[in-house]
Amino acid sequence: MKLLEDKIKSEGIVLPNNVLKVDGFLNHQVDAQLMFEIGKEFGRLFKKQNVTKILTVESSGITPAVMTGLAMDVPVVFARKHKSLTLTDDLYTASVYSYTKQTSNQISISKRFIDEEDRVLIIDDFLANGQAVSGLLDIADAANIDVVGVGIVIEKTFQKGSQIIKDRDIQLESLARIKALTDDGQVEFE
């Protein structure tokens, strides 16, 4: 997606340790028009998969997932990172490590929002080491639901995350594929 690549080039900031900061349009402040276009593109890419629900992890995956849900006319379910008074029983859970935050979280989805009849599409903001996707795949396995695709806004192809998806023979579509983040602050695309 050229629109997304241009936005990354103009507003993305390369930080040490292969971190790309895109908080100006994706995961702090949101460029709603860009996210709308991203949702439409994921809708186009996965339209033949008969998706019944979209799964993501809070919080940065929610915006592209909701826009995709809007484009595909299906509900969006997001895994919560923190328990609340209203989310206590009958949960599918998985552990997810965040490289950028250097923390592990127990993610949870209520069993009443997914069932064996669902054909789910996972949407997330980044794919690097694949921890968030792995956690959602663990939940899908526990719920015995079909994962028919994974849509990623930005993939770092120089890290191992995509292999997790390829090993499971799941359709993977990444809208921006980064092959390198250079020492001089440049982003190189595939």
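**Reading a predicted fold, residue by residue**

Mentor: Asn17 is exposed, because its relative accessible area is 58%. The cut-offs: buried is under 20% relative accessible area, exposed is over 50%, and partly exposed lies in between, with a 1.4 Å probe and protein chains only. This is a predicted model, so local features need pLDDT of at least 70 and side-chain atom pairs count only at pLDDT 80 or more, while totals for chains, interfaces and linings use all residues. Residues are numbered from 1 along each chain as its sequence is written, and side-chain values use heavy atoms, with hydrogens and water left out.

Trainee: Where does Asn17 lie?

Mentor: Asn17 sits in the loop between strand E1 (13-15) and strand E2 (19-21). Helices (H or I, at least four residues) and strands (E, at least two) are DSSP runs, numbered from the N terminus. Check the backbone too. Asn17 is not a glycine, yet its phi is positive, about 65°.

Trainee: Which residue with a positive phi follows H3?

Mentor: Asp73 follows H3, with a phi near 60°. Asp73 is not a glycine either. Asp73 lies in the loop between H3 and E4. Is Asp73 buried or exposed? Exposed, because its relative accessible area is 70%.

Trainee: Which residues does a cis peptide bond join?

Mentor: Glu58 and Ser59. Read omega: here omega is about 0°. Ser59 lies in the loop between E3 and H3.

Trainee: Now helices. What do I read for a packed pair?

Mentor: Two packed helices are described by the angle between their axes and the distance between the axes. Axes are lines fitted to C-alpha atoms, for helices over the stretch in contact, and angles run from 0 to 180 degrees between N-to-C directions. Here, helix H1 (residues 2-11) packs with H2 at about 145°, and the axes are 10 Å apart. H1 gives Leu3, Leu4 and Lys7 to the contact; H2 gives Leu34, Glu37 and Ile38. Those residues divide into four nonpolar, no polar and two charged. Nonpolar means Ala, Val, Leu, Ile, Met, Phe, Trp, Tyr, Cys and Pro; charged means Asp, Glu, Lys and Arg; the others, Gly among them, count as polar. Contact means heavy atoms within 4.5 Å.

Trainee: How far does H2 reach from its first C-alpha to its last?

Mentor: H2 has 14 residues and reaches 20 Å. That is close to the 20 Å expected at 1.5 Å a residue. The expected span is 1.5 Å times one less than the number of residues.

Trainee: Which residues of H2 are buried?

Mentor: Start with the general idea. An α-helix has 3.6 residues a turn, so residues three or four places apart point the same way. In H2, Leu34, Met35, Ile38, Gly39, Phe42 and Gly43 are buried. They pack against H1, helix H3 (62-72), strand E7 (119-127), E8 and strand E9 (172-181).

Trainee: What reaches the backbone nitrogen of Gln33 at the start of H2?

Mentor: A side-chain oxygen of Asp31, to within 3.2 Å. A polar contact is a pair of N or O atoms within 3.5 Å; within protein, one must be able to donate a hydrogen and the other to accept it, and residues adjacent in sequence count only if both atoms are side-chain atoms.

Trainee: What is Met35 in contact with, leaving aside neighbours within four places in sequence?

Mentor: Phe25, Leu26, Val30, Thr63, Pro64 and Met67. Met35 counts as buried because its relative accessibility is 0%. Look at H3 as well: Pro64, Ala65, Met67, Thr68, Gly69 and Met72 are buried there. The buried residues of H3 pack against H2, E3, strand E4 (76-79), E7 and E8.

Trainee: Let us take a strand. Where is Val153?

Mentor: In strand E8 (residues 146-156). Val153 counts as buried because its relative accessibility is 0%. Beyond four places in sequence, Val153 touches several residues, including Leu4, Ile38, Phe42 and Pro64. Compare sequence with space. Val153 and Glu37 are 116 residues apart in sequence and 11 Å apart, C-alpha to C-alpha.

Trainee: What lies 3.4 Å from a polar atom of the side chain of Thr56?

Mentor: The backbone oxygen of Gly61. Thr56 is found in strand E3 (residues 53-57). Thr56 counts as buried because its relative accessibility is 0%. Outside four places in sequence, its contacts include Ala65, Val77, Phe78 and Leu136.
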